[in-house]
Amino acid sequence: GEVFEDEKRVVVRVELPGMDKKDIDVKVVGDSLVIEGEKRFEKESSNGRWRMMERAYGSFHRVVPLAADVISEAAQASYKNGILRVELPKRVPSKPKGKQIKVV
């Protein structure tokens, strides 16, 4: 997966080809994004009079560490063309690079 970050949000992109979006479960656990799901795959082949239905299932579990504190209840996830994209707003907008030091 890929993680992008700007001042206001963290965006996570994960490739999950051949999935149905209702089979994908996304949640924030601690300071990580947890993506779970089930891959279903059906193949039909016929051999003369016999028709065979082949079914395969596979579950997956991915954990993506989040560098920032995010508002998980305001997160938005979308799944399109085999790519899951999760956008998480940051709790405190921040500039990812550099920290201002007060001169006294």
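**Close-up views of the predicted model**

**View 1. A salt bridge joins the side chains of Arg9 and Glu87, at 3.1 Å from N to O.** This pair connects distant parts of the chain, with Arg9 in strand E2 and Glu87 in strand E7, 78 residues apart. Strands (E, at least two residues) and helices (H or I, at least four) are DSSP runs, numbered from the N terminus. A salt bridge is counted where a side-chain nitrogen of Lys or Arg lies within 4 Å of a carboxyl oxygen of Asp or Glu. Arg9 is partly exposed, at 29% relative accessible area, and Glu87 is also partly exposed, at 22%. For these classes, buried means under 20% relative accessible area, exposed over 50%, and partly exposed in between (1.4 Å probe, protein chains only). Arg9 and Glu87 belong to a network of salt bridges that includes Asp6 and Arg85. The salt-bridge rule gives a count of 9.

This is a predicted model, in which local features need pLDDT of at least 70 and side-chain atom pairs count only at pLDDT 80 or more, while totals for chains, interfaces and linings use all residues. Residues are numbered from 1 along each chain as its sequence is written, and side-chain values use heavy atoms, with hydrogens and water left out.

**View 2. Four strands form an open sheet in the order E1-E2-E7-E6, with antiparallel pairing.** E1 and E6 are the edge strands; each has a single partner strand, so one side of each has no neighbour in the sheet. From one strand to the next, the twist averages 15 degrees (axes are lines fitted to C-alpha atoms, for helices over the stretch in contact, and angles run from 0 to 180 degrees between N-to-C directions). Two strands pair if DSSP finds at least two bridges between them.

**View 3. Strands E1 (residues 2-5) and E2 (residues 9-15) run antiparallel and are joined by 4 bridges.** Glu2 has Arg13 of E2 as its bridge partner.

**View 4. Strands E6 and E7 are paired in the antiparallel sense over 5 bridges.** Lys80 has Ile83 of E7 as its bridge partner. The loop between strand E6 (76-80) and strand E7 (83-89) contains Asn81. Phi of Asn81 is near 50 degrees, a positive value in a residue other than glycine. Asn81 is exposed, with 76% relative accessible area.

**View 5. Ser32 is located in strand E4 (residues 32-47).** Ser32 is buried, at a relative accessible area of 14%. With residues up to four places away in sequence not counted, Ser32 touches Lys27, Val63, Val64, Pro65 and Leu66; contact means heavy atoms within 4.5 Å.

**View 6. The side chains of Asp25 and Lys27 form a salt bridge, at 3.3 Å from N to O.** Asp25 is partly exposed, with a relative accessible area of 37%. Lys27 is likewise partly exposed, at 36% relative accessibility. Lys27 is also one of the residues that Ser32 touches.

**View 7. Lys22 and Asp20 meet through their side chains in a salt bridge, at 3.0 Å from N to O.** Lys22 counts as exposed, at 67% relative accessibility, whereas Asp20 is partly exposed, at 35%.
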